[in-house]
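Subject: Structure handover

Hello,

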Amino acid sequence: MQEICAALDAARLVEFTKELIRTPSLSTEEEAISRIIEQEMISLGYDQVIRDDLYNVVGIIKGKGGGKSLMLNGHIDHAGVGEMKDAFSAREMDGAEFGHQGTVIYGRGASDMKAAVAAMVQAGGVIKKLGLPLKGDVVVTCVAREEIARGEGIKAVLADGYTTDYAVSGEASNLGVYLGHRGKAEFAVTTLGKTTHGGNPAGGVNAILKMMRFFEALEKDYALPQHDFLGQATWTVLDIEASPGAPTP
């Protein structure tokens, strides 16, 4: 372990993390950050580096053969900035504001999940630097289009044949280890009403109130499944729209 820690260039890891955070990379807009990652992998001596048309970046460190392969996976896009100030500053600051003791790097995507991507890319560099006698390949996949929740990036990587025996996702977990995922099902529900003037609600049917009753019934009558290992399923409302809605000022 001491040898591995000594082989890690901590300053390079921090600066690479900052560079990723300073590079805006909304979903479908990952070209710039993908080029940065590609060049870093090449500089670190990866045996093979591939960047595809979706701006996924795959770095491979080849083993001698006869062993299990491992994928380290992370996504390179980030959620919208919203009202976040100095979103791409990547400044170091006291982490007390966020309940963390010590210095943190601030910026959109720092925890979700550019710091983890940086760490995995640099981990590949440590493996190459030490010349560790791997039997199986280590495949570092830095994928695009994760935040839009359709899995386009990782699906493209797998479809191109970059599969492994085991995989680790670097999503933030407060350094806890999570063995599995309950999966996801997504539904769009429509309730139909009858449009009327807001001053005469009795003349129409309010579809928003109908949707409210749907949610109440769902919460009351639908028993969510539970898995012995993965635990209780959950559900949440992500968005609601009405048409015609309130006039825009």
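Which residues in α2 meet which residues in α3? Arg12, Phe16, Glu19 and Leu20 in α2 meet Ile33, Ile36, Ile37, Glu40, Ser43 and Leu44 in α3, where contact means heavy atoms within 4.5 Å. By class, this contact has 6 nonpolar, 1 polar and 3 charged residues.

This is a predicted model, in which local features need pLDDT of at least 70, side-chain atom pairs count only at pLDDT 80 or more, and totals for chains, interfaces and linings use all residues. Residues are numbered from 1 along each chain as its sequence is written, and side-chain values use heavy atoms, leaving out hydrogens and water.

The axes of α2 (residues 10-21) and α3 (residues 31-44) come within 10 Å and cross at roughly 160 degrees. That makes α2 roughly antiparallel to α3 (angles over 145 degrees count as such).

The count of salt bridges is 10, each being a side-chain nitrogen of Lys or Arg within 4 Å of a carboxyl oxygen of Asp or Glu. One of them joins Glu92 and Lys18, with the closest N and O atoms 2.7 Å apart. Glu92 lies in strand β4 (residues 92-94) and Lys18 in helix α2, so the pair ties together parts 74 residues apart in sequence. Lys18 counts as buried at 14% relative accessibility, while Glu92 is partly exposed at 45% (buried is under 20%, exposed over 50%, partly exposed in between, with a 1.4 Å probe and protein chains only).

Glu186 and Lys184 also meet in a salt bridge (3.3 Å, N to O). Glu186 is exposed at 56%, and Lys184 is exposed at 57%.

Regards

How values were computed:
Axes are lines fitted to C-alpha atoms, for helices over the stretch in contact, and angles run from 0 to 180 degrees between N-to-C directions. Helices (H or I, at least four residues) and strands (E, at least two) are DSSP runs, numbered from the N terminus. Angles under 35 degrees count as roughly parallel, over 145 as roughly antiparallel, 65 to 115 as roughly perpendicular and the rest as oblique. Ala, Val, Leu, Ile, Met, Phe, Trp, Tyr, Cys and Pro count as nonpolar, Asp, Glu, Lys and Arg as charged, and the others, Gly among them, as polar.
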